[in-house]
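Dear colleague,

Please find the structure below, handed over for your records. My notes on it follow directly after.

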Amino acid sequence: TVDCQNADGSVDPGAPAQAAANGFAANQSGAWYQPASSGQGMLFDVRPASADGSDAGLLLGGWFTYDPAAAADDPTAQHWFLLQGDLAQASAGSVEVPIYRVTGGRFDHNATHNAHAVGYAQVQFSACDRGRLSYRFDSTGLAGAFAGKQGEIQLQRLSPCEP
């Protein structure tokens with residue numbers, strides 16, 4: 001465990017890491033990418049289910065990507081999507097979670113509340129350093145240039161696995 005030092009100098013004891021459950025482990029957290037498409041990838045935060053069943057666990061993912069092929073480029077051509085869902089239905093390292101797109105907002109200003117569900121992703125970890133993201137976007141305008149797109153990305157962990 002790692003203790004957390006607060007801004008006021010006080011220290012909160014860290015919680016012990018949860019044991020792996022349903023194929024999801026805390027050591028799967030970190031940066032992931034597809035070597036053939038460097039410059040884009042995923043940042044996962046994995047919280048496995050609790051042993052007593054009181055917490056189903058959680059998967060959070062930030063997905064940084066670019067405009068899809070044949071799409072008109074926006075001024076920056078960069079997109080962030082969020083993956084977020086509990087692990088209640090996880091099995092053998094695989095779970096389906098919603099894909100969210102957040103639009104608008106500016107740095108250091110009031111937060112926007114423009115998060116829109118735009119599809120689903122199947123996240124599957126086959127090892128602590130190998131995984132797959134299968135995705136399908138809705139055919140709505142909220143999905144932007146990604147509307148109706150689907151595919152699969154083979155993922156590799158950027159840094160070595162930690163115990």
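Which residue in β10 does arginine 132 stand opposite? The residue opposite arginine 132 is glutamine 154. Before I go further, please note that this is a predicted model, in which local features need pLDDT of at least 70, side-chain atom pairs count only at pLDDT 80 or more, and totals for chains, interfaces and linings use all residues. Residues are numbered from 1 along each chain as its sequence is written, and side-chain values use heavy atoms, with hydrogens and water left out.

**Barrel**

Eight strands close into a barrel, in the order β3-β4-β5-β6-β7-β8-β9-β10, with antiparallel pairing. From one strand to the next, the twist averages 30°. The antiparallel strands β9 and β10 are joined by seven bridges. Strands here are DSSP runs of E with at least two residues, numbered from the N terminus; two of them pair if DSSP finds at least two bridges between them.

**Disulfide**

One disulfide (a pair of cysteine sulfur atoms within 2.5 Å) is found in a search of the whole structure. The bond joins cysteine 128 to cysteine 161, with an S to S distance of 1.8 Å. Because cysteine 128 lies in the loop between β8 (115–127) and β9 while cysteine 161 is in the segment after β10, the pair ties together parts that are 33 residues apart in sequence. The torsion about the S-S bond is about 100°, so the disulfide is right-handed. Cysteine 128 is partly exposed at a relative accessible area of 25%, and cysteine 161 is partly exposed at 29%. In these terms, buried means under 20% relative accessible area, exposed over 50%, and partly exposed in between (1.4 Å probe, protein chains only).

**Loops**

Most residues other than glycine have a negative phi. Asparagine 22, however, has a positive phi of about 55°. This asparagine 22 is found in the loop between β2 (11–12) and β3 (30–33) and is partly exposed, with a relative accessible area of 40%. Alanine 92 also has a positive phi, near 50°; alanine 92 lies in the loop between β6 (78–86) and β7 (94–102) and counts as exposed at 63% relative accessibility.

Glycine 141 sits in the loop between β9 (130–137) and β10 (150–157), where its 70% relative accessibility makes it exposed. Glycine 141 and valine 118 are 23 residues apart in sequence, with 9.0 Å between their C-alpha atoms.

Yours sincerely

Note on methods
Helix = DSSP H or I, 4+ residues; strand = E, 2+ residues; numbered from the N terminus. Axes fitted to C-alpha atoms, helices over the stretch in contact; angles between N-to-C directions.
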